[in-house]
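Here is a note to read alongside the model. Please keep the viewer open and look up each residue as it comes up.

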Amino acid sequence: MTYDALHLSTSIDASPAEVAAFAGDPANLPTWAAGLSNGIREVAGRWITDSPMGEVEVRFGPHTDLGILDHDVIFPDGTIVHNPLRVLANGTGAEVVFTLYRLPGVDDAEFDRDADMVRADLARLRTHFESDRA
């Protein structure tokens, strides 16, 4: 079984390594990923966030230094949602690409709302790097 996928991206005038280091650090999520985190804390080696969906755990994979910022969001009921996120080289800057999957039971309105939240998060990430360079 596969899901419909939407690839959302933004270009950032900063090195891919710089973007990956910042975006791949769970402590920085509240700065740019409001769609996921409006407060985060480390508890016994686990990153727990107060998200719009309630309290969830966020778990990044092992290769954030390579620009692979895939992360799982684990809900209290044990449901795990995998979120592919990549930081790629784009000239001298970075391209950040998030893949949003339409999960079973998600209607058009909810999928559009999720896509808008990801777009806003990516825009905040870009602003974080480019606001002091303008």
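1. Is Pro 104 buried or exposed? Pro 104 is exposed, because its relative accessible area is 58%; buried means under 20% relative accessible area, exposed over 50%, and partly exposed in between, with a 1.4 Å probe and protein chains only. Pro 104 sits in the loop between strand E8 (93–101) and H3. Helices (H or I, at least four residues) and strands (E, at least two) are DSSP runs, numbered from the N terminus.

2. A word on the source. The model is predicted, so local features need pLDDT of at least 70 and side-chain atom pairs count only at pLDDT 80 or more, while totals for chains, interfaces and linings use all residues. Residues are numbered from 1 along each chain as its sequence is written, and side-chain values use heavy atoms, leaving out hydrogens and water.

3. What does Pro 104 touch, not counting residues up to four places away in sequence? Its partners are Met 1 and Tyr 3; contact means heavy atoms within 4.5 Å. From Pro 104 to Phe 129 there are 25 residues in sequence and 35 Å in space, C-alpha to C-alpha.

4. Next, the helix pair. H1 (residues 16–23) packs with H3 (residues 108–130) at an angle of about 120°, and their axes are 12 Å apart. Axes are lines fitted to C-alpha atoms, for helices over the stretch in contact, and angles run from 0 to 180 degrees between N-to-C directions. The angle makes H1 oblique to H3: under 35 degrees counts as roughly parallel, over 145 as roughly antiparallel, 65 to 115 as roughly perpendicular, and the rest as oblique.

5. On the H1 side, the contact is made by Glu 18, Val 19, Phe 22 and Ala 23, and on the H3 side by Leu 125, His 128 and Phe 129. Sorted by type, the residues of this contact are five nonpolar, one polar and one charged. Here Ala, Val, Leu, Ile, Met, Phe, Trp, Tyr, Cys and Pro count as nonpolar, Asp, Glu, Lys and Arg as charged, and the others, Gly among them, as polar.

6. Ala 23, in helix H1, counts as buried because its relative accessibility is 1%. Leaving out residues up to four places away in sequence, Ala 23 touches Trp 32, Phe 60, Leu 69 and Leu 125. Pro 62 is 39 residues from Ala 23 along the chain, and their C-alpha atoms are separated by 14 Å.

7. His 7 belongs to strand E1 (residues 5–12) and is exposed, with a relative accessible area of 56%. Which residue's side chain makes a polar contact with the side chain of His 7? The partner is Thr 99, at 2.9 Å. A polar contact is a pair of N or O atoms within 3.5 Å; within protein, one must be able to donate a hydrogen and the other to accept it, and residues adjacent in sequence count only if both atoms are side-chain atoms. His 7 and Thr 99 are 92 residues apart in sequence, yet 4.5 Å apart in space, C-alpha to C-alpha.

8. Thr 49 lies in strand E3 (residues 46–51) and counts as buried, at 0% relative accessibility. A polar atom of the Thr 49 side chain is 2.9 Å from the backbone oxygen of Gly 39.

9. Finally, Ala 44 lies in the loop between strand E2 (40–43) and E3, and counts as exposed at 80% relative accessibility. Phi of Ala 44 is near 50°, a positive value in a residue other than glycine. Most residues other than glycine have a negative phi.
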